[in-house]
Amino acid sequence: MEQMKLKFDSNLDYQTDAVNAVVDLFEGQNAMLQYFTVSGQASFSDTGKIGQGIGNKIDISNEDILENLRNIQIRNRLNLTQSLTSRDFNIEMETGTGKTYVYLKTIFELNKKYGFTKFIIVVPSIAIKEGVNKTIEITEDHFKGIYDNVIYDYFVYDSKKLEQVRSFAVNSNIQIMVINIDAFNKSFTPANFDETKKQNNTNIIHREQDKLSGHKPIDLIAETNPIVIIDEPQSVLGGKGEKAISYLNPLCTLRYSATPPDKKNMVFRLDAVDAAEKDLVKQIEVASFISEGYHNEAYLELISTNFNNSPITAKINVDVNVNGTTRRKSVTVKKGDNLEDITNSDKYAGYIVDEINQFDGIEKVIFSPADVVLEKGIYIGDIDDLSLKRAQIRKTIEEHLDKQLEFFKQGKDIKVLSLFFIDKVANYRVYGENNTWSNGVYADIFEDEYKKIIQKEEYSTLFDYMDLKTPASEVHGGYFAKDNEGRYEDSELKSNGEVKGGADKVSETFNLIMRAKEELLSFNTPLCFIFSHSALREGWDNPNVFQICTLNETQSTTKKRQEIGRGLRLCVNQDGERIHDKNVNILTVMANGSYGDFARNLQKDIEDETGYKFGTINKTDFAHIMWVNKQGKEVPLDKRSVEIFNHFKKMKYIDSKGKILDKLKVALEEGSINIPEDYESIRKEIVEVVEKPTKNLPIKSATDRRKVKVRKQVLNDPIFEKFWNSIKCKTTYSVDYDSEELIKNCVKAFDEKLKVKAPKLLYLKSGITIDASGVHANENGETDVIEFDEGDIALPDIVTFLQNQTDLTRKTIVRILKESNTLDLFKKNPQEYMEKAARLINNEMKNLIKDGIKYTKTGDYYDQELFSNEELYGYLERNMVEANKSVYNYVVYDSKKEREFVESLENNSKVKYYTKLPDWFKIKTPIGNYNPDWAILMKSEDETKMYFVIETKGSTNESSLRDSEDYKIKCGRKHFEALGNNVTFDVVDNYRTFITDVVSD
């Protein structure tokens, strides 16, 4: 097969707009050059010791450039620059949209129109330098075809080849120098001189050179007044970067980035939202893996910390035992909290919060005496990590082959590439003595899974299109730095951004990725699965990466935006032609978290890196709109933009920070948006601006979310305290039943009904939508069940668990377990077995007990202060209603009936206080804990107080209640009878029934 060659399209509108935005800055400039004298040795030039240098020259003023700049900003709907304090201009282009191509084309347009010839491209790392140089090389024929065989020279700066610097200065053709910032950011200072070695650590470019008659190379470059193009300014300009750039004496700097650190003098913007909406990059779908039915270990996941709280708190996900069933939920903890008490599960014995802190930017919760450190983004106690990684690798291979097969069936000769990110080279390659090496665990898993998958019948037709006999070892490769002995290293880059050991030490895979991109894209090259480290997260991408899989041992702390950037570029076929088909251009990201988390993290990354705020309106968003003022002159709104912003704030369309509120969304949908009278003539243009960030915002936004707070004046009222004392006591129960009959019935129930499923690993795939309102995950995506080998599970103390759940003796429980012959199922999924066993035993006890249950008051009780520890949240107009007589300022309701009940309690003058009983208020029953609904304190005519505990149901007819509900309610009656204290317990279906049938009695 003939070697492919990438083709480029010079007529893409958005790229043309980006080029013109820069070229038009110099409108009015005449084509002209400046000349200067260059001194040098004869070896540098056949013309002798004296040469004539040629540099860029500008003959228009900064005022002219400012006027040009503002016209460009109006055209491109950007914030307007008020004064030109520097000639630093920013071009924002999303990763994968061709910014390198754009600035190369800009070079040729600037030369064609104004005669500029000296250009320097400054990059932050070796990886990007290699990528830029490769792009210049493969676009050479393309640009010469467009620009009449224009003659130009390009080179990568090499301190050993200073003749290139002189040629750069004296040559009249277009000169393009590519240079790493670290090659010239160390100028001479006394600190750079090592006295012991008599060595100057200053970059050679800043040292006087005999070959240049004692001059410094940097001075020769500065004389040319170059146009400096900065690739990834956020990485170049840190530290001494800004000062280093000034040494080049640039005519101007053009700063190209997807995440510009400085928004001033912006001339063009194609952000992540624009690129996604215009289908200029691949669509994203996220695949995640979650376990189902696995609750056999103490699960912990740190969601967030709050250091503004006093005391400091953390929100974590844990497995909570609710009425004998394990449920994963979020709880808020502080120092001293015991997870065993919070979860009601002995799996968490020893998990007491010892410390909540932040170190090196990583949030942590430390538990003792369990001696466990939980970091944000990491989970503990889920399925075996290696089983999860195997599932990730397997699904990545399957997704890869599925996509490749589909392309072939459609007649599309597109080679699919997949990329794995890992955090330790040892997981990919293990070294022994004398530089011998073997596969690491991930490489072994990959080859094992690849060999099995490729033999499946569904992939047999792939043999018609490509050679699948290639050994598994040849279809994957690693891109890592090497040490001086040629071994792969964990550290991908040196601190200065260069590959360790120098470019000659990088692997063969690096050569394919960075220097032979076309070869990697060809079916002639079997390599199509790439394992890599951090360097690939910036500076390299490939149009045909369709899968990205993160195999970090811990949850990835790398920016999701950096990871997906490696695969966003639109793909190409074997003819090197770009494919513009959104059904083809789909990037699948194998995330090591949920797709919802991925979407939230990606949105946060975009906001943090670009300053873009989803779902907001900014004070300057209307500045570009042209408006006819009172003098009849058409001018941009400019600073008047803030008037519209303030008007929207006054109308409560936005909050003080510009966050869009529901009222604006509703007004847009109804076509009733209120515009300041002076700007009615540009209503359409104003509406267009606000429509973009609102179009996918839900009407009920998170701004409705409220935290429920305790009303201290109620909680501390002696009347409420007396009321609470009447119902706060706990009880214990005893039952009469025939033990032998119970054992026999339980054994039969176990044998007939106890079914246990092994834990599952679910593969979930969801599309991701990026627009101005935010990053959204489609929750109705693909779901698949993955088989996995769980390995050995530590078996918990089942007897103690069942004893706690049933109150039976250990002897009775052991007999049931032994005689049922179901203990093999216990090993299959211990937690599920225990929970189902407890429910079956309690159900058989219920059938035997009937009315033979008796409650007795204990000395324990529910402390009134527990109300203050409750963490409750709700949404206005959705599931919470404001309250004045409750312990809480809001009541979170579960149904319309409950809301109506609350409103009636609030409106009845005879109701003194009430509360919806919190989840922690539990009455023990033989079939699980029971939590009544309401506690109500009523006023009576003789000023004595009437106490009620109420259960609200759809019907009060016992026959319509489920057996378990009916039984728990009967237990509730006996519990409160045991308390005495004149407390009435009853069931009602609405407030009227409560007043007429309960209170009046």
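Hi everyone. Let me start with how directions are compared: axes are lines fitted to C-alpha atoms, for helices over the stretch in contact, and angles run from 0 to 180 degrees between N-to-C directions. Helices (H or I, at least four residues) and strands (E, at least two) are DSSP runs, numbered from the N terminus.

A word on the source. This is a predicted model, where local features need pLDDT of at least 70 and side-chain atom pairs count only at pLDDT 80 or more, while totals for chains, interfaces and linings use all residues. Residues are numbered from 1 along each chain as its sequence is written, and side-chain values use heavy atoms, with hydrogens and water left out.

The axes of helix H24 (residues 739-753) and helix H26 (residues 810-820) come within 9 Å and cross at roughly 40 degrees. That makes H24 oblique to H26, because angles under 35 degrees count as roughly parallel, over 145 as roughly antiparallel, 65 to 115 as roughly perpendicular and the rest as oblique. Which residues meet here? From H24 come Glu-740, Ile-743, Cys-746, Val-747, Phe-750 and Asp-751, and they meet Thr-812, Arg-815, Ile-816, Leu-817, Glu-819 and Ser-820 in H26. Contact here means heavy atoms within 4.5 Å. By class, this contact has six nonpolar, two polar and four charged residues. For those classes, Ala, Val, Leu, Ile, Met, Phe, Trp, Tyr, Cys and Pro count as nonpolar, Asp, Glu, Lys and Arg as charged, and the others, Gly among them, as polar.

On the H25 side the contact is made by Ile-798, Phe-801, Leu-802, Gln-805 and Thr-806, while the residues from H28 include Tyr-833, Met-834 and Ile-841. The residues of this contact divide into nine nonpolar, four polar and one charged.

On to the strands. Two strands pair if DSSP finds at least two bridges between them. Seven strands form an open sheet with parallel pairing, in the order S5-S6-S4-S9-S10-S3-S11. Strand S5 (152-156) and strand S11 (266-270) are the edges, each pairing on one side only. On average, neighbouring strands of the sheet are turned by 15 degrees against each other, direction ignored. Inside the sheet, strand S9 (residues 227-231) and strand S10 (residues 252-257) pair over five bridges, and Asp-231 stands opposite Tyr-256 in S10. Helix H1 (residues 13-23) packs on this sheet, touching strand S3 (88-93), S10 and S11, and its direction makes about 170 degrees with that of S11.

There is a hairpin to look at as well. Strand S31 (residues 760-771) and strand S32 (residues 774-777) run antiparallel and are joined by four bridges. The hairpin joins S31 to S32 through two residues, and Ile-770 stands opposite Val-775 in S32.

How many salt bridges are there? The count comes to 34, where a salt bridge is a side-chain nitrogen of Lys or Arg within 4 Å of a carboxyl oxygen of Asp or Glu. One to find on screen is Asp-141 with Lys-5, whose closest N and O atoms are 2.7 Å apart. This pair links distant parts of the chain, 136 residues apart: Asp-141 is in helix H5 (residues 140-146), and Lys-5 is in the segment before H1.

Finally, two backbone details. The peptide bond from Ser-368 to Pro-369 is cis, with omega near 5 degrees, and Pro-369 lies in strand S17 (residues 362-369). Arg-77, in the loop between helix H2 (62-75) and S3, has phi near 55 degrees, a positive value in a residue other than glycine.
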